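Reader: I've got a model open and I'd like to learn how to read it feature by feature. Can you walk me through it?

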Amino acid sequence: MRRMSPHPPVSSFASWVQFQARTNPHALAVTAGNRNVNYRGFAEHIERVTRRLAAKSIEAGARVSVTVDDEYLHWLVVMALSRIGAVSVSVSRGVDAHGFVKAAFIVTDGARIKGPKNVAIDAGWYTQAADDLPAFEEAPHDWDAPCRIVLSSGTTGAARKILLTYGDLRLRFISTGRTYGLNATARILTTMGVGSIGGFITPARTWAGGGCVILSAGPEENFTRLFLRNHPNVILASTVQLATLVKALPADYWPIEQAIVYVSGSALPVSVNRRTRARLSQALFVVYGSTEAGTVATAHAAGAEGKPGFTGFVLPTAQLQVVDDARKPVPAGTPGEIRVSAEGGATRYLDDDAASAETFRDGWFYPGDLGMLDGEGQLFVFGRKSEVINFGGVKLSPQLLEDTLANFPGVADIAVFAHEPKGGMSRPGIAVVAGKEFDEKGLKERFARMHKLPEPAILRVKDIPRNEMGKVLRNELAQAAAKLA
């Protein structure tokens with residue numbers, strides 16, 4: 001017997017575009033280069049793509065892999081699949097759509113691929129009328145019906161699949177709208193692709209509120225060009241992307257209208273914090289969250305000055321606890337492991353029972369982060385549990401060390417890693433992007449005063465290697481230091 005959900009059926013997120021097309025059809029929904037699409041046109045394009053996909057016998061519940069480079073066309077496919085009730089997942093080229101994703105259908109705008117369940121599409125799918133195909137009547141979707149798969153690195157660095165239901169998305173839309181203020185006045189630019197949770201939820205929620213989403217017109221449009229050309233009033237970026245944008249701003253640029261900027265993915269370096277508020281916008285907010293739980297905490301970036309690890313206050317839509325090794329909550333001000341429970345949060349990884357059992361326990365998600373909640377409810381994140389460095393029994397968080405050393409004179413950027421010279425004991429390594437005032441001896445002395453550890457090895461670099469979300473690639477620094485030893 002089928003278990004009945006306590007929640008009523010819900011419509012797809014595409015239905016909100018249709019609603020906006022009725023209430024404000026001429027409002028701008030999408031801008032991509034020279035292409036501007038209002039809500040009436042957006043809804044018509046979704047309808048055409050829906051009819052064509054339905055004609056391919058794609059049914060509710062089917063997993064459909066989407067690999068479409070044109071951002072606008074990609075979104076039309078995702079919107080159409082949500083109306084049909086299919087489970088969409090956006091993947092990059094090279095991902096095993098059949099093996100890893102276990103997709104029943106593959107939709108792509110690349111070279112034609114063989115197979116009755118592989119669908120090759122192009123811009124004609126939405127520019128050309130589909131009046132010869134039956135109109136699509138969307139039926140309400142069960143709250144617990146699967147809708148979207150998002151890929152995440154999880155807590156181990158390995159790719160994981162997270163399944164979101166129509167109900168999960170409804171809850172995340174509500175939370176995201178409140179947190180980021182995504183209404184009819186929003187003109188949003190995000191560097192996160194549609195395959196990520198942020199790159200999916202925030203545009204979809206913006207359209208639900210009647211705002212405009214800025215999409216890339218092609219590979220030649222980098223983040224800086226998109227910003228200067230389109231003047232967004234809401235920006236979501238990783239620390240690396242934000243640092244790149246601020247550094248690339250023309251010397252004579254000054255903000256006539258300041259955008260609200262949200263930065264996430266890794267700790268915000270002090271230098272980037274200050275430079276962004278000086279050159280781009282005073283409305284800079286730090287965000288802590290994950291693909292599995294969504295946005296968990298946020299605060300104005302000015303509050304992070306002089307507070308190493310500060311990442312904001314926990315949102316009312318989430319619960320966060322800091323626990324000890326026995327998974328018991330610790331008193332305020334005591335460091336420990338973070339666990340989260342949030343509205344619309346994932347409860348397991350798809351097709352991976354072992355990883356699910358390790359990461360999701362007793363209704364909590366364990367992101368693998370170390371942190372602390374103080375008596376005022378401020379959340380401090382000290383880095384990954386897996387990144388804690390053990391120097392002869394002294395365990396230290398590299399991120400916390402970086403935060404405390406970032407204000408040292410002449411340091412433009414900094415990263416801490418474990419250095420193991422040939423035949424020697426493990427010792428601290430510090431990679432530094434040095435300015436003119438940098439005093440290497442002084443940095444070593446400050447480090448020695450902080451911790452009773454061997455003298456650190458200083459590695460001068462042009463840039464700190466980071467992944468696309470801004471996390472330091474410490475293994476690369478250790479390898480570079482080993483070559484110089």
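Reader: Let's start with Thr31: buried or exposed?

Author: Buried means under 20% relative accessible area, exposed over 50%, and partly exposed in between, with a 1.4 Å probe and protein chains only. Thr31 has 2% relative accessibility, so Thr31 counts as buried. One caveat before going on: this is a predicted model, where local features need pLDDT of at least 70 and side-chain atom pairs count only at pLDDT 80 or more, while totals for chains, interfaces and linings use all residues. Residues are numbered from 1 along each chain as its sequence is written, and side-chain values use heavy atoms, with hydrogens and water left out.

Reader: Where is Thr31 found, and what is Thr31 in contact with?

Author: Helices (H or I, at least four residues) and strands (E, at least two) are DSSP runs, numbered from the N terminus. Thr31 belongs to strand β1, residues 28–32. Contact means heavy atoms within 4.5 Å. Leaving aside neighbours within four places in sequence, the contacts of Thr31 include Asn36, Arg187, Cys212 and Asn230.

Reader: How many of the residues of α3 are buried?

Author: The count is 13 of its 14 residues, so α3 is mostly covered.

Reader: What should I know about the largest nonpolar core?

Author: In soluble globular proteins, nonpolar side chains tend to be buried together. A nonpolar core is a set of buried Ala, Val, Leu, Ile, Met, Phe, Trp, Tyr and Cys residues joined through side-chain atoms within 4.5 Å. The largest one has 81 residues, and Trp75, Met79 and Leu320 are among those with the most contacts inside it. Its largest share, ten residues, comes from α3. A second, separate core of 20 residues includes Ile214 and Val246.

Reader: How many aromatic pairs are there?

Author: Rings of Phe, Tyr and Trp (its six-membered ring) pair if their centres lie within 6.5 Å; planes under 30 degrees apart count as stacked, over 60 as edge-to-face and the rest as tilted. The whole structure has 16 such pairs. Take Phe310 and Phe313: their ring centres are 5.9 Å apart and their planes are at 80 degrees, so the pair is edge-to-face. Phe310 is buried, at 6% relative accessible area, whereas Phe313 is partly exposed, at 38%. One aromatic cluster includes Phe42, Trp75, Phe200 and Trp207.

Reader: Which charged end sits over the ring of Phe200?

Author: The test is NZ of Lys or CZ of Arg within 6 Å of the ring centre and within 35 degrees of the ring normal. For Phe200, the charged end of Arg148 sits over the ring, 4.5 Å from its centre.
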